[in-house]
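The following report looks at helix packing and the nonpolar core in the model shown here.

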2 protein chains.
Amino acid sequence: MSPRRDVAVPDLVERARAGEARAVARLISLVEDESPLLREVMAALAPYAGRAQVIGITGSPGVGKSTSTSALVTELRRQDKRVGVLAVDPSSPFSGGALLGDRVRMQDHATDAGVYIRSMASRGHLGGLSWSTPQALRVLDAAGCDVILIETVGVGQSEVEIAGLADTTLVLLAPGMGDGIQAAKAGILEIGDLYVVNKADRDGADQVRRDLRSMLALAQAPEGAWKPPIVKTVAQKGEGLDEVVAEIEKHRVWLESSGELARRRTRRARDEIEAIAVTALRKRWGDVHGRSELDDLAAAVVAGTADPYAAADELLEGL
Amino acid sequence: MSPRRDVAVPDLVERARAGEARAVARLISLVEDESPLLREVMAALAPYAGRAQVIGITGSPGVGKSTSTSALVTELRRQDKRVGVLAVDPSSPFSGGALLGDRVRMQDHATDAGVYIRSMASRGHLGGLSWSTPQALRVLDAAGCDVILIETVGVGQSEVEIAGLADTTLVLLAPGMGDGIQAAKAGILEIGDLYVVNKADRDGADQVRRDLRSMLALAQAPEGAWKPPIVKTVAQKGEGLDEVVAEIEKHRVWLESSGELARRRTRRARDEIEAIAVTALRKRWGDVHGRSELDDLAAAVVAGTADPYAAADELLEGL
């Protein structure tokens with residue numbers, strides 16, 4: 001794992017900033033592989049990050065996330081924006097084949113120099129975002145993307161994490177995927193900055209919109225708060241995406257004028273710093289390497305000879 | 001927040017162990033409220049924990065989780081087991097009223113002295129399990145429950161976390177909730193020890209079972225591994241629950257004989273200790289109290305004058 005001689009980080013960063021797709025890809029790989037150069041990469045990118053608008057795209061399976069992401073890329077390109085896409089796949093034994101079929105339509109954009117598309121593995125088998133997702137965002141951001149879309153396949157932890165990473169969270173729904181109450185149960189009413197009712201040419205789309213509107217009305221927003229709009233689309237035909245892009249732009253303007261952008265980004269930076277610090281501590285405590293102090297403490301808790309608080313105290317004393 | 005004079009922890013624990021429901025409820029409240037007595041409670045419970053089988057119940061909204069949980073309680077009571085139920089609600093602005101309607105049917109068990117039912121708030125607005133869930137489990141366990149069911153409302157982070165807490169994870173599906181591919185996308189094929197196709201009197205139940213079976217067959221299990229069974233139920237009529245209980249019991253026997261129970265519980269204890277330690281550190285870093293070192297570091301990262309790794313290093317140096 002010694003640094004490869006042929007990688008000069010400042011040169012890579014410069015080429016990435018000049019729009020060279022291979023340099024962007026290489027930087028993301030260095031990040032994903034936890035290269036020994038990771039810290040140098042992050043330090044080199046720091047001055048250039050913070051310009052892109054990060055859009056999280058989430059929603060239950062079957063609502064048409066991949067199609068919508070692709071249609072959104074098309075619309076953003078029409079407006080001459082540079083676009084990055086991070087598609088997070090569950091690294092499941094099932095994700096090798098059929099499940100990636102959705103991705104095929106992303107290949108429409110594969111030859112467009114104004115679009116970077118990157119699939120990233122998710123953390124473990126459980127669908128959380130990889131710890132390196134924020135770092136990959138930084139690479140795309142520093143490389144000059146105006147907009148970065150993060151899309152997850154599937155539900156679970158990633159939805160929540162995406163809302164934490166994004167400036168603007170776009171929640172997709174579709175008719176026939178369960179009624180409004182189900183949406184509320186799924187917790188998505190708290191995370192959306194913009195709701196998209198996709199497959200709006202199907203029966204029930206207006207009902208979904210009405211349900212959603214009345215549920216959103218129940219959430220008492222403080223004055224000056226953003227009121228999440230609801231947009232209808234037929235992503236497969238590219239319909240309604242211009243309106244989605246317009247609402248995304250309105251949200252960006254609101255984020256900046258309200259001070260919310262600074263708040264979200266500071267919170268994101270805090271989370272990121274904390275996550276890196278906690279990961280380092282976990283390694284120290286033996287999360288990665290064989291038997292450790294933590295293992296001994298856990299065995300005592302299982303045996304009933306210690307309680308978890310006493311065990312945690314002991315762990316912290318060792319710092 | 002000084003300890004109340006009238007709470008004697010050893011007395012409470014003794015009464016809880018003797019089956020007094022009010023003492024169990026009081027102990028869980030002490031845990032949930034982060035009482036100053038929390039550590040004393042945990043220390044007093046430690047010798048008595050580890051006897052209950054913890055069953056996580058998960059599945060997409062609409063598959064009939066609450067009905068199934070209730071029917072499972074009925075069946076377990078028929079077999080004279082003492083049962084605890086932890087129902088985790090998203091603490092959402094929407095969860096006050098209608099969403100709790102499902103819970104009404106749990107009241108069938110409200111007068112049964114062999115059943116403890118407890119609703120717990122979830123963490124924040126995003127549906128994760130409360131940090132106090134493992135501690136509440138410990139209370140029910142020490143109080144002599146043979147089986148503890150943890151049920152979540154909704155999808156999201158909680159599904160994943162439930163699998164981490166449970167000895168046995170039960171995944172519910174139902175016809176008409178999306179096909180097998182969707183199930184795979186949702187990541188549930190990795191977490192189930194037992195699959196239940198509920199609403200099996202509806203069209204499509206056999207198809208769900210077939211899809212599931214072929215997808216599970218794709219996961220190459222090592223020799224001696226547990227092969228998750230698939231059971232069909234009609235929870236509303238109490239049909240098939242005897243088979244579910246029988247499979248839960250088979251899984252318990254396998255967990256013990258294979259050594260997997262010890263492995264899962266050690267892992268769970270590690271996670272619990274780590275979570276407590278990390279929470280303590282976060283408090284120290286200023287997650288809770290106003291402006292702090294972490295805020296300053298986050299501001300530097302947002303401004304581009306520091307990268308998150310350098311910031312994390314600084315944070316850790318402060319320990």
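## Contacts across the chains

Apart from its neighbours within four places in sequence, Ile273(B) touches Leu294(A), Leu297(A), Ala298(A), Val301(A), Pro308(A), Ala311(A), Ala312(A) and Leu315(A), where contact means heavy atoms within 4.5 Å. This is a predicted model, in which local features need pLDDT of at least 70 and side-chain atom pairs count only at pLDDT 80 or more, whereas totals for chains, interfaces and linings use all residues. Residues are numbered from 1 along each chain as its sequence is written, chains are lettered from A in the order in which they are written, and side-chain values use heavy atoms, with hydrogens and water left out.

Ile273(B) is also among the residues with the most contacts inside the largest nonpolar core, which has 102 residues; such a core is a set of buried Ala, Val, Leu, Ile, Met, Phe, Trp, Tyr and Cys residues joined through side-chain atoms within 4.5 Å, buried being under 20% relative accessible area (1.4 Å probe, protein chains only).

| Helix pair | Axes come within | Crossing angle |
|---|---|---|
| Helix 2 (residues 21-32) of chain A and helix 3 (residues 38-45) of chain A | 9 Å | roughly 130° |
| Helix 10 (residues 260-285) of chain A and helix 11 (residues 293-303) of chain B | 8 Å | roughly 110° |

Helix 10 of chain A and helix 11 of chain B are therefore roughly perpendicular, a term for angles of 65 to 115 degrees. Their contact involves, among others, Ala269(A) and Ile273(A) of helix 10 of chain A and Leu294(B) and Val301(B) of helix 11 of chain B.

In the other pair, Leu27(A), Leu30(A) and Val31(A) of helix 2 of chain A meet Leu38(A), Val41(A) and Met42(A) of helix 3 of chain A.

Note on methods:
Buried means under 20% relative accessible area, exposed over 50%, partly exposed in between (1.4 Å probe, protein chains only). Axes are lines fitted to C-alpha atoms, for helices over the stretch in contact, and angles run from 0 to 180 degrees between N-to-C directions. Helices (H or I, at least four residues) and strands (E, at least two) are DSSP runs, numbered from the N terminus. Angles under 35 degrees count as roughly parallel, over 145 as roughly antiparallel, 65 to 115 as roughly perpendicular and the rest as oblique.
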